[in-house]
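User: I would like to go through this structure and ask what the terms rest on. Please set each value against its definition.

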Amino acid sequence: MAVAAPATTTGDVRLEGVTKRFGSVLAVDDITLDIASGEFFALLGPSGSGKTTCLRMIAGFEQPTSGKVWLAGRDVTSVAPFDRETNTVFQDYALFPHMTVAQNVGYGLMVKRVAKSERRHRVEAVLGTVRLDGYADRKPAQLSGGQRQRVALARALVNEPRVLLLDEPLGALDRKLREEMQLELKQLQRDVGITFLFVTHDQDEALTMSDRMAVFNGGRLEQVGAPAEIYDRPATPFVADFIGTSNIVEGAPARALFGSDGVFSLRPERLRVLAESDRVSADESSAEGRLVDVVYAGATLRRVVALDAGPVFVVTDATSASGSSPELQRGARVRLTWKPSSLYRLG
Amino acid sequence: MTTASEGVAAGLRARPPSRRVSSFVQRHVTLRLIALLSLPGLWLVVAYLGSLAAMLIAAFWTTNDFTGAVVHTTTLANFKTLFTEHVYRTVAFRSVSVAVLVTVVDAVLALPMAYYMAKVAGPRLRRILVVAILTPLWASYLVKAYAWRVMLSGDGVVNWALHPFGAHGPGYGLTAVVLTLAYLWLPFMVLPVFAGLERIPDSLLEASADAGARSWQTFRSVVLPLLFPAIVAGSIFTFSLTLGDYITVNVVGGTSQLFANVIYDNITTGGNLPFAAAAAFFPIAIMVGYLVAVRRTGALDNV
């Protein structure tokens, strides 16, 4: 098709002023987003923030109420899912229960009338890629959750899509398996080299896996950027709070603590808790308060400090770190210290 | 320890008798099962299987040609007549053909209807449609059959509607029987297919489209295989109800006869109960054969 790509279309996927309404509900509100070829891109947000609707509009399962969807320079806004160069890994995997693993994986090739021998060859190869050799003749019901997830992945990858869409792909797995799969997916994306676009509500997952991410809230985009950029320089209080934890201060307490009006964010791991009598080094700021809670969480120690200036701060330390004073008991008078460079001004 | 157990015993004694009975039953699983299943079990064994057994035994008796009295000697005479006489084979073949046609017509009508109800209509419209499908079941069978008789009559609404196109209705006969029975049994096909479709997650249909399949391919490769058990369930109703029907064929069938008429006529005008009992095994044998054949396909393995 000889559709001239507009100059603005640079990447693989582009949403252009996309809005989606379901009846009176505004699910996606005027979003413009560019995803480059070969990126591992995360759509992150709480449930109901519009991230899944965006993914479904890219896959073609939903039509935008207004705006355009571009795939590789082609306007696909009104193109049916079966004519798009995308494949989806569904949240519930959506494996066909009446087909074997091989039939599930080979389904897209069968539909496209790929010759039987080539089909078998490609199915075998992709099952190897997701480490499921020897499972070709099983039915989905005979597989574990992690294995089903791999079948869903293989079924999408075998079609060699331009863009792979993943809808909460690891949501149904237990924590240990999820962490394994995060690294494996990342490795897989590097190997196949196509664009991965995945939806998640888990900020750790987005930070760990993605090259860039978009943070959604209430149908709108809050911020787009690399994980480190979003973590260190959140654009809005919502992002600061949703990505990791932040101690956010504004108004009078901000004036008292930081000597300035505005909204400030301090990451819990950038704070140190000292006994009130301890000396503060010259390059640090400090504030006094009372230790109101101590939570031991394995690798980290989480402490809650009510500052005399008003705000309540959360402080996390690695339990092995010696910088803070772990022996402090609940109710003790303490001193919080931080480097001024850790303080981030939101607006 | 003694004081403690005495205390418990005293507590037990203090409870009202009804509580003691229920806690006794609670502790005995077998007792609970007996209470649950004795009545339906009795019904199943005595009324259901019992009458079937009585029929099976009666099928091997005969009647005295002269007096018409039942002769209680075991013989295969009835079955021999059924297999050898040409007329019974013709009627049997006709009955099975009508049953197959009714089932096919109902399946073809039910699939799009049930699909619309389960996957397209909103929850409100869905409830209305389910009621609309069920409502005809409240009306009398005879009234519905005679309604079709009136519609299919010479100056009935069918002929009147077809007249401008230069065509005319089927009149009374086997076509009218198929039409009427397909109308009567349609809810029995729509409901299981609707329930089956509701159990197929939308994501499976999306996954199929995502892999590149158009609607027809999705229907053939994903929906139909998963729906097969539901269609079989519906077809058991439409098939067996048709094989057992002798009224509709009398009302709209003209001169044609179906197998159930053989049974009915032998009970009433023929006065040959043993022969009717033997003939009744034909639809049973057909249904058993059908179920075995379906089971062989493996389509019911995932149910």
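Analyst: The area buried between chain B and chain A is about 1800 Å², and carbon and sulfur atoms give 57% of that. This is a predicted model, in which local features need pLDDT of at least 70, side-chain atom pairs count only at pLDDT 80 or more, and totals for chains, interfaces and linings use all residues. Residues are numbered from 1 along each chain as its sequence is written, chains are lettered from A and ligands numbered from 1 in the order in which they are written, and side-chain values use heavy atoms, with hydrogens and water left out.

User: What makes an area "buried", and which residues of chain B lose the most area to chain A?

Analyst: Buried area is the accessible area (1.4 Å probe) that two parts lose on being put together, summed over both. The size of an interface is often given in this way. In chain B, Glu206(B), Asp210(B) and Ala211(B) lose the most, together 33% of what that side buries.

User: How many residues are in contact between chain B and chain A?

Analyst: Contact means heavy atoms within 4.5 Å. By that rule, 18 residues of chain B are in contact with 23 residues of chain A.

User: Why is the pair Asp83(A) and Arg214(B) called a salt bridge?

Analyst: A salt bridge needs a side-chain nitrogen of Lys or Arg within 4 Å of a carboxyl oxygen of Asp or Glu. Asp83(A) and Arg214(B) have 3.0 Å from N to O, so the pair qualifies. The count between chain B and chain A is two salt bridges.

User: Which helices of chain B supply at least two residues each to the side that touches chain A?

Analyst: They are helix H10 (202-210) and helix H11 (215-243); helices (H or I, at least four residues) and strands (E, at least two) are DSSP runs, numbered from the N terminus. H10(B) gives the most, with seven residues.

User: What links Lys186(A) and Asp211(A)?

Analyst: A salt bridge does, with the closest N and O atoms 3.0 Å apart. The pair links distant parts of the chain, 25 residues apart: Lys186(A) is in helix H5 (residues 175-192) of chain A, and Asp211(A) is in the loop between helix H6 (203-209) and S9 of chain A. Over all chains, the structure holds 24 salt bridges.

User: How do you know that strand S3 and strand S9 of chain A pair?

Analyst: Two strands pair if DSSP finds at least two bridges between them. S3 (residues 40-44) and S9 (residues 212-217) of chain A have four bridges, in the parallel sense, so they count as paired. Phe41(A) stands opposite Arg212(A) in S9(A). S9(A) also pairs with strand S10 (residues 220-225) of chain A, in the antiparallel sense over five bridges. S9(A) and S10(A) form a hairpin with two residues between them, and Gly218(A) in the turn has a positive phi of about 55 degrees.

User: Which order do the strands of the open sheet of four strands follow, and why are S2 and S5 of chain A said to stand at the edges?

Analyst: The order is S2-S1-S4-S5 (chain A), with antiparallel pairing. S2 (25-35) and S5 (74-75) of chain A each have a single partner strand, so one side of each is left without a neighbour in the sheet. Strand S1 (residues 13-22) of chain A pairs with S2(A) over seven bridges. Within that pairing, Leu15(A) stands opposite Leu33(A), and the bridge partner of Val13(A) is Ile35(A).
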